[in-house]
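Please look over the chains shown below before reading on; the paragraphs that follow take them in turn, and then turn to where they meet.

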Amino acid sequence: MNAPEPPVQPLTSTPPPEPLAEPLTSTPPPEPLAERLTSTLLPEPFGGRRRTGGRRSPTLVIGCLLAGAIVAVAVVSLFWLPFPPDDTSGGRLAPPGPPHLLGTDKLGRDLLTQLMIGARIALTAGIGSVALGGVLGVAAGLPAGFATRWLDDTIAALLDILIAFPTLLLAMLLVAAREASLGSAVLAIGLAMSAIVARLTRVLVKRVLAQDFITASRTSGTSWPRVVAEHVLPNIWPTLLVNLALQLGLAVLAEASLSYLGLGAPPPNASWGRMLQEAQSTVLTAPLGAVAPGLLLIMLVVGVNLVADGLRDVADPTRRRSR
Amino acid sequence: MTTYLLRRLAFLVVSLLLAAAVLFLLLRLLPGDPANSLLTIGADPGQIAAARHQIGSDRPLPQQFVTWLGQMATFDLGESFISTLPVGPEIAARLVVTVPLTLLAFLLAVVVAVPVGFLAAHRANRWYGPLLNGVSQFGIAVPVFWLGMLLITSFALYFHLLPAGGFPQDDWADPADALTSLLLPVVTIALVMSASLIRYVRSATLDVLDSDYLRTFRALGSSFTGAMWRHGLRNAAVPVISILGIELATTFLGAVVVESVFALPGLGSMLAKGIAQHDYPIVQGVLFVSTFGVLVIGFLADLAQRLIDPRLRGTTTRSAR
């Protein structure tokens, strides 16, 4: 007879431990020692043995939908905009309705157009900072993980100091030194982020290097560069990726704050932060202009954070969900 | 513990020196000579040299750094290019706004986040546990300045209950007046701060609730409340305190932005104005004081952590972040 269906788990409860979900009769094939050692201490690489298969993370799906919508808008804005960005022919503070679907701002620019450009700016700022911070951070953190005690302590202390240096203030200083532009903001946020990424990379690398399979690999004659490529990087990048996704959300918020203070991308290609600052004086007469950019910002950041949480669930099914 | 204290103190001093060096170099890398502020357009080379000599920017960089460091150490922060008033007293006057704003917001955030985070973990199987968690997930995505705008709109512009911004001219002469003008900014920062704190408290509580020692203590006949008081609180506090140090620094940065929203005459608006006017003595003074504050907060958080958790006392590096 058919076995009864397992009860459907409510989303909030802890998922059952992975091994029990598999049929108990089939013994898994023996795996190499190295893999067994990693799986107990480190999160699984995405392509690893315990691929989640049919079980999808709902967090990941919702996050992808939210962030994906913003990405779609940003991509569309590259090819089509309802109005040119600096077209002020619609009249000031026009109420929502055709032809200006969401109305116009206090200079007569179409709100929908501005919002679409803002999506592009927010994503550019977020992805740009994460790319810069990620590359610099891994480049600094990877060798630091190999360093001997004395040098390692020094690097750790230096990174702690860099992290203690307030990010936003550093960004403001850099923007003051250069000019208020998207590039300055990305540079500042990316630099600040690289210290955080470097520290995480260093800790992760040290943890992997302490494993027996690294010693085993070295004893069998593998060169250090190959050990890094074959063992270290595949073991650290799931955790790193989750962290970078979280940093992306923070970078988007940081850029919005800078723009709000007038230190971001200048109009007419303005970011959501700048739009909010300009809409502040007309919040009672044209509330949409002061509400919509904020909601889109939240949507993007929540989406990215959910993607990060979802990736963590997929990367490491043994952990409790969404901690 | 004494060894640790000395090592940590040495680390604090070295970090302060390095931070000062970074700040000094960054400001010297800025385009334009500080002496330009003394000159008018079309000054001849002789005047430029005289001005550079007066300001001291013609001397070698290390020498400038030592002089500068000596001035900073005695809190002689120079004079504003624009108003020619000394920067130190101005910062002191502004701290009267920023420090209460930061501390009140931080206290309120902790008072909100600790019980809420505990409930979100302890009641994870009731309907409101996940709800609280979801709200905090949403809250960390809210831009602090936007929340400020919304609160001004509703409580000041629409209901006319509280002032939309500004601070009494005579500072704290009338405490009630000053507190009223700080109420909305404090709530704004506290709400955003508590969102991320809730997640840390929840995570720390979950770890404690899962722990073997708590189960054993309960099995020995202790009540849940008793076990939490004796063992749970102390263990959950360790990761949370190390986060609190960082969060207090973040609260301060939140204050910098929120001061602009509420037009408060604090350190943040001073910095924003200094940057806009390229008034570098102001910028460097504010950055110096705030970096100093952030580093000292980190030092205190590390000490507090070791007072609570004897297991950490032998270690020098920071634990769970």
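**A walk through the predicted model**

Chain A has eleven helices and zero strands, in a model that is predicted.

In chain B, the UniProt record, in an unreviewed entry, places the feature "domain: ABC transmembrane type-1" at residues 95-301. This span of chain B is 82% helix and 0% strand, and the C-alpha atoms at its ends lie 21 Å apart.

A residue of chain B that deserves a look is B:R94, which sits in helix α4 (residues 87-122) of that chain. B:R94 counts as buried because 21 C-beta neighbours lie inside 10 Å, where 20 or more are required. Leaving aside residues up to four places away in sequence, B:R94 touches B:P265, B:G266, B:L267 and B:M270. B:R94 and B:Q284, although 190 residues apart in sequence, are 15 Å apart in space, C-alpha to C-alpha.

Where the chains meet, chain B contributes 38 residues to the contact and chain A contributes 31 residues. On the side of chain B that touches chain A, the elements giving two or more residues are α1 (2-29), α5 (128-139), α6 (144-158), α7 (175-210), α9 (224-261), α10 (267-276) and α11 (280-308) of chain B. By class, that side of chain B holds 28 nonpolar and ten polar residues, with no charged residues.

Methods:
Residues numbered from 1 in each chain as written. Chains lettered and ligands numbered in written order. Predicted model: local features only at pLDDT ≥ 70, side-chain atom pairs only at ≥ 80, totals over all residues. UniProt positions renumbered as here; feature names shortened; annotations may be inferred. Helix = DSSP H or I, 4+ residues; strand = E, 2+ residues; numbered from the N terminus. Contact = placed C-beta atoms within 7 Å. Nonpolar A, V, L, I, M, F, W, Y, C, P; charged D, E, K, R; others polar. Buried ≥ 20, exposed ≤ 12 C-beta atoms within 10 Å, placed from the backbone.
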